[in-house]
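My notes follow in the order I looked things up.

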There are 2 protein chains.
Amino acid sequence: MLRGPRARRHHGGRWRVLARVERFAEPALLLLLRERPAHGYDLLERLPELTGEARVEMGNLYRLLRGLEEEELVSSEWDASSPGPAKRRYAITPAGERLLDHWAEALRRSQERTARFLARYEERR
Amino acid sequence: MLRGPRARRHHGGRWRVLARVERFAEPALLLLLRERPAHGYDLLERLPELTGEARVEMGNLYRLLRGLEEEELVSSEWDASSPGPAKRRYAITPAGERLLDHWAEALRRSQERTARFLARYEERR
DNA sequence: TCTTACATGTGTCTTTCACATATAGATGTG
DNA sequence: CACATCTATATGTGAAAGACACATGTAAGA
């Protein structure tokens, strides 16, 4: 129950807690794409700037990108211009920008909840 | 992909984003129990003080409490003193308090990550 | 030639969580 | 008394997100 990907056993019989925001990869991708269009591998390398220690797994990233495209939150096309393996270049859509705005609001509310939690935690530490 | 329990369809064909912290019910329970021992139903009513709009579902709460007890993060005993249906009174253990401390640290790191995200979001809004 | 970096994917299992349902004692209301 | 409601604790089940492993192909460099 406490085991698993988000709270892993770790040397010394303690649980490693990450306290990640659910589906944080999604707003992170949208934010990176709002700054500039990019392809998947590029996003994979830039994501840790936003997600930190909690890396996004490669396979899931590409699935997430295709999911976002199905929802018309991003668009993509094969980029034949540059050399090397074929790459798909993604760009954010207006609907994607609106969703990012909603994420930002939700993240602000999340910040407030967590701040209240931490204040209450410190109260009688 | 964007559907489901955490991002629900909502009037007007838009996705409601909640941005909750994963497994937040766990530190919330530990914090409430550190303040004073309580039984499940009592915790169920007090949890919204910490979780806000994101309610904890009853069935999952009792499962979570038993899971925490298996890990010896809380202890419990049947409370025959008060009238009404039998209730199980939970208390936090020293291991539970240590885990709560780890959650607090993780939540602070989460706050910083989210703050960086929001700052970057505002940058070129 | 062989390895490594770049680039995009699929298969599959576990964990978390939502939603529905079951059980039972106590209390109030017609 | 019958019936509903509140208190209290559970189980069953299915969907979504994510971890981990693997597959495929191009290109550059040792």
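What is the mean pLDDT of chain A, and what share of its residues reach 70 or more? This is a predicted model, so I looked up confidence before anything else. The mean for chain A is 89. I noted that 88% of its residues reach 70 or more.

Next I went through the elements of chain A. Helix α1 (residues 25-35) has the highest mean pLDDT, 98. Strand β1 (residues 7-10) has the lowest, 48. I then checked two stretches of chain A. Over residues 1-6 the pLDDT is below 50, and this stretch has 21 contacts beyond near neighbours in sequence. Residues 8-14 of chain A are also below 50, with 8 such contacts. Where pLDDT is low, the predicted coordinates should not be read in detail.

I turned to the sheet. In chain A, 3 strands form an open, antiparallel sheet in the order β3-β5-β4. I found β3 (38-39) and β4 (74-79) of chain A at the edges, each pairing on one side only. β4(A) pairs with β5 (residues 87-92) of chain A over 6 bridges. One partner I looked up: Val74(A) bridges to Ile92(A) in β5(A). Helix α4 (residues 58-70) of chain A packs on the sheet and touches β4 and β5 of chain A. Its direction makes about 120° with that of β4(A).

Last, I looked across to chain B. Helix α5 (residues 94-123) of chain A packs against helix α1 (residues 25-35) of chain B at about 30°, with axes 11 Å apart. The angle therefore makes α5(A) roughly parallel to α1(B). Their crossing is left-handed. From α5(A), I listed Phe117(A), Arg120(A) and Tyr121(A). They meet residues of α1(B) including Leu31(B) and Glu35(B). The contact counts 6 nonpolar, no polar and 3 charged residues.

Technical notes: Residues are numbered from 1 along each chain as its sequence is written. Chains are lettered from A and ligands numbered from 1 in the order in which they are written. This is a predicted model: local features need pLDDT of at least 70, side-chain atom pairs count only at pLDDT 80 or more; totals for chains, interfaces and linings use all residues. Side-chain values use heavy atoms; hydrogens and water are left out. Two strands pair if DSSP finds at least two bridges between them. Helices (H or I, at least four residues) and strands (E, at least two) are DSSP runs, numbered from the N terminus. Contact means heavy atoms within 4.5 Å. Axes are lines fitted to C-alpha atoms, for helices over the stretch in contact, and angles run from 0 to 180 degrees between N-to-C directions. pLDDT is the predictor's confidence in each residue, from 0 to 100. Angles under 35 degrees count as roughly parallel, over 145 as roughly antiparallel, 65 to 115 as roughly perpendicular and the rest as oblique. A crossing is left-handed if the near helix is turned anticlockwise from the far one by less than a right angle, and right-handed if clockwise. Ala, Val, Leu, Ile, Met, Phe, Trp, Tyr, Cys and Pro count as nonpolar, Asp, Glu, Lys and Arg as charged, and the others, Gly among them, as polar.
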